[in-house]
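Here are a few exercises to work through with the model open beside you. Try each one yourself before reading the solution.

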Amino acid sequence: MAADDLLIVAGEASGDLHGSALLAELAGLRPTVRAFGLGGRRLADAGLDCLAEAEEISAVGLAEVARVVPRARRIFRQLLAEVERRQSRVAVLIDFPEFNLRLAGPLKRRGVRVVYYISPQIWAWREGRVEVVRRWVDRMLVLFPFEGAFYRQHGIEATVVGHPLVDEVPELRGAWDDGPPASGEPYRVALLPGSRRSEVRRLLPPMLAAARRLSDSVPIELRLIRAPTVPVELLESYVGPSGLPVELVTDDRFAAAAGCHLAICASGTATLELALLGTPMVVVYRVGAWSYLLGKLIVRLRTVSLVNLLLGESVVPELLQGAARPRSVADQALRLLRDPPRVERMRRQLQRVRPLLGESGASRRAAAEVRAELEAAG
């Protein structure tokens with residue numbers, strides 16, 4: 001049955017993670033489904049027939065994107081050719097808007113029903129893309145209630161399924177539950193430099209430099225928490241020359257992060273993970289100069305971290321672009337570590353995040369929506 005040949009396209013680490021959970025749930029709801037497309041290791045483990053690896057075309061910033069454009073074009077054509085060969089009738093496009101919003105039109109013209117899971121942030125920038133959604137997307141599945149309200153304001157029905165992180169991130173005992181370390185004992189500090197190689201190259205060196213400055217003021221133990229899409233060798237290539245004693249965490253990353261007194265974290269999904277774990281954080285981010293200047297022209301938000309955006313206030317400090325210098329990051333981290341009442345206030349505010357992400361079962365609800373499309377196509 002062609003209707004059960006399902007295209008799934010996820011080009012980034014978070015999409016790979018959430019897509020794998022959706023596919024696992026879908027396999028239980030409709031065992032005859034045969035998924036193929038673009039994804040990472042997690043989707044492949046869940047049963048996706050990967051025509052290409054997501055890491056090949058995942059990038060941030062104009063320069064990085066320009067380098068992957070030729071490969072992205074080949075993958076684009078390959079996906080459409082496979083859709084035609086299999087005569088597929090349903091596609092699930094997961095986030096990754098620069099690729100997926102372009103793919104939606106050719107899919108729709110081929111008679112494919114398009115389900116878009118995890119909305120692009122068109123409520124933050126390039127709002128004109130809402131017309132692309134209106135024209136080419138049949139079913140929009142969003143994570144946050146404010147996204148559902150945004151689409152309704154534009155006359156588009158969107159289903160709020162909730163956030164799968166509610167199920168993926170456990171509730172763990174945190175490092176601050178017993179208060180600050182005893183005098184002379186080290187603070188445990190986590191570094192989370194992102195899930196893309198380009199992010200790691202841009203953010204890990206200043207993070208390590210900030211950690212060295214911080215260690216001049218207070219004793220610390222460093223944990224570098226690896227995203228599944230980042231090669232260990234890349235991280236080691238920066239850790240070695242830094243000369244810092246660093247524990248490289250490749251497994252049980254949630255437990256490792258929960259056990260830290262502070263995290264220095266790249267802006268992205270990891271900030272929500274830390275919030276669910278109750279780990280205080282400093283958010284940092286850098287992109288290329290041209291990407292930043294372009295972003296300033298079109299982004300309408302005063303905050304970039306999902307935590308602050310979701311809570312509607314500046315709960316965690318953000319250091320962006322030039323402000324993300326090692327000295328500034330170290331100073332911000334030190335002020336937090338030396339101010340336990342401020343840390344406790346931040347932790348209480350972070351506890352508000354989990355209820356805002358919806359009830360348990362987001363992946364199953366999303367899978368049920370996809371099943372409905374498959375049944376209609378069948």
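## Salt bridges and helices, step by step

D5, R34, D49, E82, R85 and R86 are joined up in a network of salt bridges. Keep in mind that you're looking at a predicted model.

**Exercise 1.** Find out how many salt bridges the model has, then work out which parts of the chain E369 and R139 tie together.

*Solution.* Start with the count: it comes to 26 salt bridges. The cut-off behind that is a side-chain nitrogen of Lys or Arg within 4 Å of a carboxyl oxygen of Asp or Glu. E369 and R139 pass, with their closest N and O atoms 2.3 Å apart. Now place them: E369 sits in helix α17 (residues 362-377) and R139 in strand β6 (residues 139-142), so this pair ties together parts 230 residues apart in sequence.

Next, look at R139 again. It also forms a salt bridge with E373, where the closest N and O atoms are 2.6 Å apart. E373 lies in helix α17 and R139 in strand β6, so here the parts tied together are 234 residues apart in sequence.

Last, check accessibility. E373 is buried, at a relative accessible area of 2%, while R139 counts as partly exposed at 23% relative accessibility.

**Exercise 2.** Locate R352 and E313, and decide whether each is buried, partly exposed or exposed.

*Solution.* The two form a salt bridge, and their closest N and O atoms are 3.0 Å apart. R352 is in the loop between α15 and α16 (353-356), and E313 is in the loop between α13 (306-311) and β13 (318-320), so the pair ties together parts 39 residues apart in sequence. For accessibility, R352 comes out at 35% and E313 at 36%.

**Exercise 3.** Work out how α14 and α15 are oriented to each other, and what kinds of residues make their contact.

*Solution.* Take the axes of α14 (residues 326-337) and α15 (residues 340-350): they come within 6 Å and cross at roughly 95°. Angles of 65 to 115 degrees count as roughly perpendicular, so that's how α14 and α15 lie to each other. On the α14 side, the contact uses Q332, R335, L336 and L337; α15 brings P340, R342, V343 and M346. Sort these residues and you get five nonpolar, one polar and two charged.

**Exercise 4.** Is helix α11 largely enclosed or largely open, and which of its residues are buried?

*Solution.* Seven of the nine residues of α11 (residues 269-277) are buried, so the rest of the structure largely encloses this helix. The buried ones are T271, L272, E273, L274, A275, L276 and L277. Step past the end of α11 and you reach G278, which has a positive phi near 80°.

Key:
Residues numbered from 1 in each chain as written. Predicted model: local features only at pLDDT ≥ 70, side-chain atom pairs only at ≥ 80, totals over all residues. Heavy atoms only, no water. Axes fitted to C-alpha atoms, helices over the stretch in contact; angles between N-to-C directions. Helix = DSSP H or I, 4+ residues; strand = E, 2+ residues; numbered from the N terminus. Parallel < 35°, antiparallel > 145°, perpendicular 65-115°, else oblique. Contact = heavy atoms within 4.5 Å. Nonpolar A, V, L, I, M, F, W, Y, C, P; charged D, E, K, R; others polar. Buried < 20%, exposed > 50% of the residue type's maximum accessible area, 1.4 Å probe, protein only.
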